[in-house]
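Let's walk through this model together, one neighbourhood at a time. Have the sequence and the 3D view ready as you read.

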Amino acid sequence: MYMVYGWPQVIPLEPGSCPSSQRVVYLKLAGRLLLVVSPSHLELWGSSQHRVRLGKYLRDEKSVREEGENMRAVWSPDAKLIAVLTSAFFLHIYKIKFTDKRIKTGERQPSDLFFASISILLSEQVPFAGKDISVSNIVSDSKTMLMGLSDGCLHSISWKGEFGGAFNFDPHLCDGKDDRLSPHSLGNGLVSGEASAAFACDEKSSTNSAIVQLEFCSRLRLLFVLYSDGHLVVCSVTKKGLKHTESIKAEKRLVSDAVCASAAPEQQILAIGTSRGVVELYDLSQSMSLIRTVSLHDWGYSVEDTGAVSSIAWTPDNSAFAVGWKLRGLSVWSVSGCRLMSTIRQIGLSSASSPKIKPSQDCKYEPLINGTSVIQWDEYGYRLYATEEASCDRILAFSFGKCCLNRGVSGKTYVRQVIYGEDRLLMVQSEDTDELKLLHLKIPVSYIAQNWPVRHVAASPDGKYMAVAGLHGLILYDIRLKKWRVFGDVSQEQKIQCKGLLWLGKIVVICNYIDGSDTYELLFYPRYHLDQSSLLCRKVLLAKPMVMDVYQDYILVSYLPFDVQIFHVKICGELTPSSKPDLELSAVRELSIMTAKSHPAAMRFVPDQHPRECNVNNDSSAGLSDGEPSRCLILRANGELSLLDLVDGRERELTDSVELFWVTCCQSEEKTNLVEEVSWLDYGHRGMQVWYPSLGADPYKQEDFLQLDPELEFDREVYPLGLLPNAGVVVGVSQRMSLSACTEFPCFEPTPQAQTILHCLLRHLLQRDKNEEALRLAQLSAEKPHFSHCLEWLLFTVFDAEISRPNVNKIQNSGHRHLQKVSLLQKSCDLIKNFSEYHDVVVSVARKTDARHWADLFSAAGRSTELFEDCFQRRWYRTAACYILVIAKLEGAAVSQYCALRLLQATLDESLYDLAGELVRFLLRSGREIEQAPTDSEKSSPTLLGYFLFRSSQKNPSLDKSSSFKEQSPHVASVRNILESHASYLMSEKELSKLVAFVKGTQFDVVDFLQRERYGSARLENFASGLELIGQKLQMGVLQSRLDAEFLLAHMCSVKFKEWIVVLATLLRRSDVLYDLFRYDLRLWNAYSMTLQSNPSFGQYNELLEMLEDKLSGTAAEAKTGSVVS
């Protein structure tokens, strides 16, 4: 699959001399060449690692004025001729000729790029010139060009400039065929009545409608003709090509609102862009049935934001396609409907939260903000070139990397998840799955400069080495030492044209193509030395390999049409630099399978997970040597997944619409392989699916584990990249964009994400009564991230399925409990009991379910009071608090009140005042409900459970006199006694910071308490000792302590508690408070001043004393003056 990375590159174009038409007319890539046709000139660029202009042709003003601007263009399949139709209907044919002048790139080795000259061969007016007519785009084969006209006709022209004349289709060719078909499968975007389309051949002809686009697929020999009314006609073309127009037959007509189309011959899918901004995918192999639709509607963007689809371009391997819109933006989608890339910024998934940004805002940093005109992929899929509407001065090039290396002749990545670009590797750093990171690893310039681009990548089974092959040779990367290993002899490197890579333990296997003899061979090199002298074996293959795979000592090679060869590898000696090992390769099995199905895209050995059981009663395994796999999985190009018996050649279809898969059993060398019980996983438009082995009638069982629970699904913008077997997670990757003020465009950043599958594996084992295996798997995972979350989802999914069963089944089952096996819910609880997370998991699941079903849950998990007591004894008070509401529901209000009171006392002793406050509010509310409606005492709102799980964001009602202490009900009195007792303890011990936290957390009425305890626990015996003790308790250098002192001072002032006011105001240096106190009581001032001056430890308050003395003396003088005057 394809993921974008880095900043878009800008390719500047020559300024045009035709301001009337500011758009690129034609953009096409052929091999390593890029052709751009603008209204007044042509440019030829190199599209390899060096994007340089190789040649250009500028039309003079006279030519443009007399013959018109360039309007339509087409490039011949051999890339030698260019045909251009002007606005005045002149046909120009240009010839490209490369010179001997090589382009200098600054590299040591000479470049393979040469300058080119573009010259005009022919300029002639077309026969339909002068008519009021418009022309569609032009398509061609090696001999003939074809263009559509606005009168509904097609016109053919040879590459020699010979005009073949106009023709159209017989409107009755489709009569008698009823092709109104319903979609056979849906994916991203459901097909509604508005989006659905049917094929029909009616009496009406489209000859009166203008032809607006042609699409020609030479491999499928199909011509698609798109009309202005949105109808699309599918035509068959014979082997003779477009030259023989009489052989072009209309087969089907699609009634739709199509505006553009593009075919994928490898997948046999037709993508149709509509005026609604939606792309519809049709299966060309099944009577053009609708597969699915994709659009940005689910991301909050309607057709008013993006406009109609303007262009569609498939990747070279047809596994993804790019979509451009007329008004704004570009996106890339997988065939399954996963959004891989989008230039349009996104905030939310609903239209209400998605940005409706106008171009005048900061959206100027968004590429293609004014719409997309033309898009094209390069020959390897590493670059996507796009031009913007109403712009002909530049081309944007987006860099892409490929991921999921498990197709064709490349190796698999079970330990390392890799995205590879044209000159780099992007490896997922998975040591800590809490935060996956992507490491950019650049290929050494000395290798990639001569062997651009990267063609194949494979990771060694132990994850220590990466093998990378470019155009020639091979290079190895030691991940642990961070060093590269290359061929020492460059001549040996250049003789290797790698067409595929495999790892056989510590041996790298290269599928090499030999130019001279047009043959293919397997080369076996030890990873410690890349040299001809260390070559272990050379094996010539029968033909070009289509698919390869390796498992332990066995190698699978498949050829067209469908021949399979299996080799056994025997190594004599040790694989060390000091020894000379010998490798023997022998063919142990050959199959030739006759089938009409599409060719395989990937094949993987499936090891026998239960060899004894499988081989005892299975005669088909006869003749297999020890360790030789008897089956393999086949993924065909059309997405069909099947299982092949390698002994008798029988093939069993499993599922369809699969994009990729991972065989997980017996594949990882990790000791803690958490997915060993899984046979394989696959991914397609249905999501992720896991397959388990079975000893019953069905050898393999399929389970959609990412479809069962909505919260476990990968987002439709996260594509699965690989597995972490030792962590039990699937690693996905999605696109992120980062903006910078110093760059015009954002940087695209692939971001890895982890999705755990542990709960699915545990559920599978428990369903099959493999309780010990499930326990071992869980113990291996206990230290992994999200382990508690996995246990919670295991219990939740099992319990949700239990309560969702029909009531009839439940009644029947309850009547025969002595005949039943232990329920899956009970087994799940028994499993989770082995871990300390058990109590948290159970109460979390209870919170997610209706209280009506709590009795069923706790009948399996254990009595709520016993679970509460366990938490209480272990001092897990927060978890214990979560059980209070469950106890109230299941055991009654009286029991919950008793438990809550015990817990309140314990939380106060531990200074957990926020939790104590929640308990107080629960106790008071519950008590009032009991008094008001004693018969309904057991009814309680489930929302109360939130009191114990989260802090309240609103201020809770305080325990005022009327609601708490004045009412002498038993419930209120119990709470009052506990709170007052704790407040008295804190005050007597002078734990003032805790007292403040206690008052704030429980809303305790401290004013009423202080008034009653003035001569009790709140009394200060001596000012000097009190000041010293409280100064030690309250560290006034800490901000929080000063805030606590201010809080207490305010309450002491409200009850006029002079002893405390003097102490706290002194600690806070609040001269204003002390002045107001002493100005009317000079005797108190004199005692205060004498105490501070007589104690050397109070010297820090001298400045405060001087300030107070100045104020008081000034006040005394004013009073004296006033008395004299009077």
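A disulfide is taken here as a pair of cysteine sulfur atoms within 2.5 Å. With that cut-off, the sulfur of Cys 882 is too far for a bond, because the closest cysteine sulfur, in Cys 871, is 8.6 Å away. The count of disulfides comes to zero. Cys 882 is also buried, with a relative accessible area of 5%; buried means under 20% relative accessible area, exposed over 50% and partly exposed in between, using a 1.4 Å probe and protein chains only. Cys 260 counts as buried too, at 3% relative accessibility.

Before we go on, a word on the source: this is a predicted model, in which local features need pLDDT of at least 70 and side-chain atom pairs count only at pLDDT 80 or more, while totals for chains, interfaces and linings use all residues. Residues are numbered from 1 along each chain as its sequence is written, and side-chain values use heavy atoms, with hydrogens and water left out.

Now to the strands, which are DSSP runs of E with at least two residues, just as helices are runs of H or I with at least four, numbered from the N terminus. Two strands pair if DSSP finds at least two bridges between them. Five bridges link β21 (residues 279-283) to β22, and Glu 280 sits opposite Thr 293 in β22.

Further along, look for β24 (residues 320-325). Six of its six residues are buried, so this strand is largely enclosed by the rest of the structure. Ala 320, Ala 322 and Gly 324 lie on one side, with Phe 321, Val 323 and Trp 325 on the other. β24 forms a hairpin with β23, with five residues between them, and Asn 318 in that turn has a positive phi of about 65°. It also forms a hairpin with β25, with four residues between them, where Gly 329 has a positive phi of about 90°. Gly 324 stands opposite Ser 311 and has Leu 330 as its bridge partner in β25.
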